[in-house]
Amino acid sequence: MSSSPLSKKRRVSGSETKTGSHCSSSNSVRTELSHTPANGMAKNGNDAEIDEGLYSRQLYVLGHDAMKRMQSSNVLISGMRGLGVEIAKNVILGGVKSVTLHDQGVAEWRDLSSQFYLREEDLGKNRADVSQTRLAELNSYVPVTSYTGALTNEYLTQFQVVVLTNSSLDEQTRIGEFCHSDGIKLIIADTRGLFGQLFCDFGEEMLVFDSNGEQPLSAMISMITKDSAGVVTCLDEARHGFESGDYVTFTEVQGMTELNGCEPVEIKTLGPYTFSICDTSSFSDYVRGGIVTQVKMPKKIAFKSLSSSMAEPEFMLTDFAKFDRPGQLHVGFQALHAFEKKHSRLPKPWSQSDADEFVILAEEVNAAQTGSAKQEQLDQAIIKKLSCVAAGDLAPVNAFIGGLAAQEVMKACTGKFMPIMQWLYFDAVECLPEVEDVVLTEEECAPRNCRYDGQIAVFGSKLQELLAKQRYFLVGAGAIGCELLKNFAMMGLASGDGEVIVTDMDTIEKSNLNRQFLFRPWDVTKMKSETAAAAVKQMNPTVRITGHQNRVGPDTEKVYDDDFFESLDGVANALDNVDARMYMDRRCVYYRKPLLESGTLGTKGNVQVVIPFLTESYSSSQDPPEKSIPICTLKNFPNAIEHTLQWARDEFEGLFKQPAENALQYLTDPKFMERTLKLPGAQPLEVLEAVYKSLVTDKPRNWEDCVAWARNHWQCQYNNNIRQLLHNFPPDQLTSSGAPFWSGPKRCPHPLEFSTNNDLHMDYIMAAANLYAQSYGLPTSTDRPALTKLLQEIKVPEFTPKSGVKIHVSDQELQSANASVGKRRDDSRLEELKTLLPSVEATSQFKLCPIDFEKDDDTNFHMDFIVAASNLRAENYDIPPADRHKSKLIAGKIIPAIATTTAAVVGLVCLELLKIVQKHKKLESYKNGFMNLALPFFAFSEPIAAPKHKYYEIDWTLWDRFEVKGIQPNGEEMTLRQFLDYFKNEHKLEITMLSQGVSMLYSFFMPAAKLKERLELPMTEIVTKVSKKKLGKHVKALVFELCCNDDTEEDVEVPYVRYTIR
């Protein structure tokens, strides 16, 4: 969901060498929880520094305060089957103080269908002990211990959060009562085949500091009335976005200064631009200006204990189409506990006799209910399904419930985001066979002592054989890619004759380790796809996975050609940018392959499934484009830190990348001059002036020159240009209508005076001079005292603001000015520059290196420059500065990310995969999902059907096309004339325009001579002639787009043409 990956230059630091597991397993009643990790990665607890290199993307979701609170929480996770290990994995990656794994059971065959840290050789060993060594590797800051004793009350007192999975109702009730009375936060999580359950009890006085995780809103004010409830009106640039009940505070209000820095006041919204506040009648009169900012207020919430919540449950809906399902499952899960207590086992997979007994038991459980938990009528069909699949254990369901449960652990530790109140039930019965008469038999689903027993219990052995044969293409091996591979391995996808091909051109960086859980510190700098493939083979040695390092796109169509795509059963996207997603979507539509699409942004996630001939495609609907900042706002009138950061990014490109790139092209590309002179408007002059500056006037010879350049550039940007702006528009300037020019979004700036005693000024010079030196291949320096000395000797020329300098106030004004410049080019200066530019020979001693911006390396001066440049400009305009962490988020366009969301989203993706493999035909069987774990909010909907179009009486959708064989029976290829005739005779369509890609091959308004020549040429010859590109040997077919008229001369919309040539 982010911009395309930037260049990767991270190198592993010495502290990240390989470590063995540093935690012992113990059977003691009390575990000491203050280990120091073996690799010296620092202590945990409140005084610990947060490792921003590791936690960077998660910090943008949770924030530093929540992270610190998490680092002082000890967490117990009981039950190390598939669900327990999923929760543990996410919680350990998150970075709590310590995790203790508890289990008294041993590994069995049925665990292997989802417990990714158990292997076949571990059967019969304690699950917690075996999992401990593998989980401990995930995060060296989090000590992980295993415990195999009893969960006594005394033992539980050392934990802040307790998670129970795979425990009996009696144990849940006992521990639930103790935790509620002892102030320990409790989460109960359970999965049974296609069904899941989650319960939270965080005590009677839980403080939530931030219920949604969104940035506090702010708005600029245009008016405040004096009233018993003062009315605030905001500038009509954008809606304020506040809701009644929000709290706000004020800054920069002129006149009614009593509001500035006031205690947060509650508001009531009156409209999109207005809201009312407290009594302002006694305040001074409002003059102008002011900014209103939302304040997040802590909320107290009370939870009921397990036993009282059992009788009077409050349900969190996951699927609005299953409104009555939670109440049914609330009884169903209790009945499962009762059945297990009675028979010491769960109902047998698909056993009709067990299912009948189970229904009777459920009726009894329901009859015994006293509170609102009692159902008027039990849905016997769903209760039967629960019985039939309860013995199953599915990796995707564990991934979904495990992602949610781990997020609840983080909420319990931090008070960040709104907890689940208090019960959540989930099911995915749509995954079962669609046809009602296909009833799975008991013997088909009986355990076989193989690693897929937990999945066979739900779907039978035939699906297992189908899964083994699948050929899937996974695009991306980042966070979503790692989770998908883990689930694929557990499900047995491509564990027979099939294959998963995973491609990713990225290498592993330290910041990946926080959620891309197949990677370890010693993998940093290795290729993602290969490392992920190797890690997954450890989990299930029979899966066939091949790693590639290719970027998907037109350049790799030789590799991912017709033969490749035609051999696939489906594609799963695990991408981080929209362009690549759109490209893969087009390929899947063309080859008619199912596509599993998903993405995350912080706690938000979505899943979309694209099914040939059934659903619309990913590209059918698009997000609105992101708002860009107007140029004049950036250049002269910034009013927010986002503006100064974008300005600093533009400075970086314009100082250290573009000039060196242009100069290099001038020196190495003989056609550079010819190309540049063809550019529109004033661009040729601008480009050549810049090359002349780079190679002649501004060319530094040594470090001293670079420092002098940086010092003069500082003067220009933070003093001279601001003085010129104030010369044009003095602080007291009025507009033509008599209002102050500097008001509303225009903040009046002031120039800065340079001082070597100001750290920010020195940071700027140090970063700028180093980057400038790097771009010329000159030696650099980090010696600050020496820099101070140099700066004291530099003479900065005096500056006097000039009259007659034009400064554009709006983008419209700027555009019209540029349009008029285009008409009067300064040709004499262009000619002069051509003679002034040095010859290529004269500059052979140059080492120009354009610098690509890389945000994640703290030693390269890139972020140093951005932070200093942005904050100096912010100081010019009195905008509050941003620290490095926030600056990196905005300037680096970082996508916040957390392991919990990724795990949950991918769980849902793999449930859709199970439907695709079974070839489900009904649109309502599939589910597109959206979630926001912070709120928490879930929505499922059936995918939108592919929109239908029509010509004559023929219905068609985006999945249809005309198939035309280019090579005729006589071995000759069709000419354009024959192609046009074919459509006239076969389809009664008159082609008016015909194109391939961006090449126009035919149109009804073509010059007659050109048309005459083209009509007799073979189609492929016209394509190569117009596009000036040869057709590759791998190309079997071409895609033509048509504009057509029907026999009434009406324009009709028709599908594309697949024109086969080999």
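**Exercise 1. Is Cys706 buried or exposed, and why?**

Solution. The model is predicted: local features need pLDDT of at least 70, side-chain atom pairs count only at pLDDT 80 or more, and totals for chains, interfaces and linings use all residues. Residues are numbered from 1 along each chain as its sequence is written, and side-chain values use heavy atoms, leaving out hydrogens and water.

Step 1. Take the cut-offs: buried is under 20% relative accessible area, exposed is over 50%, and partly exposed lies in between (1.4 Å probe, protein chains only).
Step 2. Cys706 has 0% relative accessibility, so Cys706 counts as buried.

**Exercise 2. Find how many disulfides the structure holds.**

Solution. 
Step 1. A disulfide is a pair of cysteine sulfur atoms within 2.5 Å.
Step 2. Searching the whole structure gives 0 disulfides.
Step 3. Check Cys706: its nearest cysteine sulfur belongs to Cys849, 12 Å away.
Step 4. Check Cys1043: the nearest cysteine sulfur is that of Cys1044, at 7.3 Å. Cys1043 counts as partly exposed because its relative accessibility is 31%.

**Exercise 3. Explain why helix 4 is largely enclosed.**

Solution. 
Step 1. Helices (H or I, at least four residues) and strands (E, at least two) are DSSP runs, numbered from the N terminus.
Step 2. Among the buried residues are Arg127, Val130 and Leu135.
Step 3. The cover includes helix 3 (82-94), strand 3 (98-102) and strand 4 (144-147).

Key. Contact = heavy atoms within 4.5 Å.
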